[in-house]
Amino acid sequence: MDHASLFKRAGKVIPGGVNSPVRAFNGVGGTPVFVESGKRQKIVTADGRTLTDYCCSWGAMILGHARSEVVAAVKNAAAHGSTFGIATPAEVDFAERLCSLVPGMDMVRAVNSGTEAVMTALRLARGVTGRNVILKFDGCYHGHSDTVLVKSGSGVLTMGASSSAGVTEGAVADTMVVPYNDLQAVEQAFAQCGDRIAAVIVEPVAGNMGLVPPSEGFLKGLRKVTTKHGALLICDEVINGFRFGFSSYSSLYAGVTPDLITLGKVIGGGLPLAAIGGKAKWMKRLAPTGPVYQAGTLSGNPVAVAAGLKTLDILAREQPYGRMAELGSALAVGISTIAAEHGVPVTCQSFNGVFTPFCTDLPVQDLADAKACSTKLYAKIFHGLLDRGIYIAPSQFECNFVSAAHTAKDVDEFLAKFDEVCATL
């Protein structure tokens, strides 16, 4: 099946032909790719091409596609029933595992998506503090619930919008936005209305304006200012958690314990599963033990939990993080070096196997820097690599991921193809 025909059919029955906007290739142009199957670091498209995949379902497939042990766990769970809407022993195992691995996570509630986890965290923060204002950072994406669709990153940024139609003024009236990595702006916001701020929510490593690491002391500064003013610190680690190491980024690298933390992607092993967790005194305020309501028929369903538990088992056993970091560093250095040799303005930022080739000569530290990148150049690079069998994120403002299935040979292939692309620019 050719992609153009599939996209035409999809456009008649699915808005924009896709079930998530960034898949539409609006950020790079051209016809979207449709995938038939995947195995390890490779995907096979509907028209029969085999591509080396660096999107990895936006980071969820840390072990690569169709890892046999995860597939077996899913099959076994499904054979016993896919969902009951009743508590299962596996949910308890899953919650105990997360609480044992993430410092400060005394209790956890399983949900179905990162958006749902963040939505719950924000409601909980408002419920326990009695305050209304949420402070977020320009370019950080926290899902598509109304409150946080203000100056978001990810697909919203690709579309050139800072919010969304259908989001009322009332829904965003209590959302403050300051630049990422700007601790002074945060302190100024608290100085002006600290008694109204319920929480600060942050991606510890920003991943939805491309990969942008926190500046030195930024996260510790957030912890200090929120504690001082009685606000909660929410670390949105839907991308970060278990991606950079076998726990949360905030605990492994920042030395920060947030009040609440959201997890997703990796912990689901490729199935819809996410979580909100944190200090017991806050988590106990969720229904049915507290007044902050949250519910979900499919939350913690046994098939997703089985995939998540098996993925965590494998990560614990194999500890692939060091090797992924080495491959990611080799990619980033190689991309920047090759681009410089050809006089192409590309600076590749990476951390522990996650990378973004920014089409600029300058480092990217916040959304303003990211927006200065050439999206037209990125589109040329994207399609040049795609034509040569390499699939990267179809947007300048997203991350790419090295999985445990990628090899040094894959990195060499990527850099050779990137060199070919640069030679055409």
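Helices (H or I, at least four residues) and strands (E, at least two) are DSSP runs, numbered from the N terminus. Keep that in mind as you open the model, which is predicted: local features need pLDDT of at least 70, side-chain atom pairs count only at pLDDT 80 or more, and totals for chains, interfaces and linings use all residues. Residues are numbered from 1 along each chain as its sequence is written, and side-chain values use heavy atoms, with hydrogens and water left out.

**Stop 1: the whole chain**

Start with a cartoon view. Switch to the C-alpha trace, and its span along the principal axes is about 60 × 55 × 45 Å.

Now colour by accessibility. Buried means under 20% relative accessible area, exposed over 50%, and partly exposed in between (1.4 Å probe, protein chains only). Of the 425 residues, 55% are buried. For a surface view, accessible areas come from the Shrake-Rupley method with a 1.4 Å probe, and for residues only the protein chains shown count as cover. The chain exposes about 17200 Å², with carbon and sulfur atoms supplying 53% of it.

Among contacts between residues at least 6 apart in sequence, 72% join residues at least 24 apart.

**Stop 2: the nonpolar cores**

Next, select Phe137, Phe242 and Phe414. These residues have the most contacts inside the largest nonpolar core, which has 106 residues. A nonpolar core here is a set of buried Ala, Val, Leu, Ile, Met, Phe, Trp, Tyr and Cys residues joined through side-chain atoms within 4.5 Å. Which helix gives the most to this core? Highlight helix 12 (residues 321–342), which contributes eight residues.

Centre on Phe242 and show what surrounds it. Leaving out residues up to four places away in sequence, Phe242 touches residues including Ile62, Leu98, Leu101, Val102, Leu263, Leu312 and Tyr321. Ser247 is also one of the residues that Phe242 touches. In soluble globular proteins, nonpolar side chains tend to be buried together.

Then select Ala125, Val148, Ile201 and Leu232. They are among the 19 residues of a second, separate core.

**Stop 3: the salt bridges**

Side chains of opposite charge can pair when their charged atoms come close. With a salt bridge taken as a side-chain nitrogen of Lys or Arg within 4 Å of a carboxyl oxygen of Asp or Glu, the structure holds eight.

Pick Arg97 and Asp313 to begin: their closest N and O atoms are 2.8 Å apart. This pair links distant parts of the chain, with Arg97 in helix 3 (residues 89–101) and Asp313 in helix 11 (residues 302–318), 216 residues apart. Arg97 is partly exposed at 26% relative accessible area, and Asp313 is partly exposed at 30%.

Move on to Asp259 and Arg223, whose closest N and O atoms are 2.8 Å apart. Asp259 sits in the loop between helix 9 (249–254) and strand 9 (260–263), while Arg223 is in helix 8 (residues 218–229), 36 residues apart.

Arg388 and Glu420 come next, with closest N and O atoms 3.0 Å apart. Here Arg388 lies in the loop between helix 14 (375–387) and strand 13 (390–391), and Glu420 in helix 15 (residues 408–424). Arg388 is partly exposed at 27%, and Glu420 is partly exposed at 37%.

Finish this stop by selecting Arg67, Glu69, Arg317 and Glu318, which salt bridges with shared partners join into one network.

**Stop 4: backbone details**

Zoom in on Ala287 and Pro288, joined by a cis peptide bond with omega of about 15°. Pro288 is in the loop between helix 10 (280–283) and helix 11.

Where does Arg40 lie? Look in the loop between strand 1 (35–39) and strand 2 (42–45). Arg40 is not a glycine, yet its phi is positive at about 55°; this residue is partly exposed at 46%.

Last, select Lys265, in the loop between strand 9 and strand 10 (274–278). Its phi is near 50°, a positive value in a residue other than glycine, and Lys265 is partly exposed, with a relative accessible area of 27%.

Conventions:
Contact = heavy atoms within 4.5 Å.
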